[in-house]
Amino acid sequence: IKDALAEARQQVGVPDLRDANSTNLPGIGLTPMKLVQACSMVPFLADKRMIIVEGLISLFEPMRRRGQHQTSIEQSQDIGPWKDLTPSLRMLPSTTALIFLEGNLSLNNPLLKIISNVAEVKKFPTLRGEELRSWVRRRLTASNGDIVPSALRLICELIGGNLWAMRGELDKLQLYTQGRSIEEQDV
């Protein structure tokens with residue numbers, strides 16, 4: 001998710017103006033009007049403006065409690081003022097990149113259903129098996145590193161799909177091996 005977000009930020013404009021053209025909004029306390037206002041702002045000396053909304057959709061996430069299906073906002077279908085979000089999203093200026101940053105969401109989340117009708121939804125499942133090994137190889141190749149197959153299997157088994165932890169361990173291993181291939185005993 002962090003890599004995809006960093007890539008999206010690259011499209012906002014030159015590095016010196018990225019912060020001026022990026023706005024982070026917490027989902028808690030956000031209203032549709034505040035969201036539309038933020039999205040309507042004109043970019044400053046750039047082609048794009050990025051709005052990142054964190055945790056709004058998960059506020060409507062169904063939770064299981066006492067055998068009943070309830071949500072953190074009490075009723076899964078009562079999304080209040082957010083039910084009319086679709087027209088606003090369709091009318092966003094082409095200069096605005098709106099990103100909803102969330103954790104795991106269920107498919108029956110009512111706000112996710114609304115947003116999915118007008119937006120691209122990207123999923124970032126935990127990497128396992130060959131996908132994880134490929135990610136490690138790409139990460140090492142990008143930083144001019146290398147790893148032998150047995151070491152690759154071992155580090156993937158030990159760290160698993162936590163890419164943040166994996167990145168840190170790979171960085172340490174590259175420092176330790178000083179340019180040579182990472183071996184199983186290094187791991």
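1. How much space lies in the largest pocket? In this predicted model, about 1800 Å³ of space lies there, where a pocket is an open set of points on a 1 Å grid over the protein atoms alone, at which a 1.4 Å probe fits, with protein on both sides within 12 Å along at least five of seven lines. The volume is the space filled by probe spheres set on the points.

2. The lining (residues with an atom within 4 Å of a point) comprises 45 residues, and the closest to the pocket centre are Ile1, Phe100, Lys122, Lys123 and Phe124. Helix 1 (2-10), strand 5, helix 5 and helix 8 (163-177) each give two or more residues to it, helices being DSSP runs of H or I with at least four residues and strands runs of E with at least two. By type, the lining divides into 27 nonpolar, eight polar and 10 charged residues.

3. Asn109, in the loop between strand 5 (96-101) and helix 5 (110-116), has a relative accessible area of 0% and therefore counts as buried (under 20%, 1.4 Å probe, protein chains only). The side chains of Asn109 and Glu61 are joined by a polar contact of 2.8 Å, meaning a donor and acceptor pair of N or O atoms within 3.5 Å. The Asn109 side chain also reaches the backbone nitrogen of Leu111 at 3.0 Å.

4. The structure holds zero disulfides (cysteine sulfur pairs within 2.5 Å). Cys39 is buried at 1% relative accessibility, and Cys156 is buried at 9%.

5. Residues are numbered from 1 along each chain as its sequence is written, and side-chain values use heavy atoms, without hydrogens or water. Local features need pLDDT of at least 70 and side-chain atom pairs count only at pLDDT 80 or more, whereas totals for chains, interfaces and linings use all residues.

Terms used: Buried < 20%, exposed > 50% of the residue type's maximum accessible area, 1.4 Å probe, protein only. Nonpolar A, V, L, I, M, F, W, Y, C, P; charged D, E, K, R; others polar.
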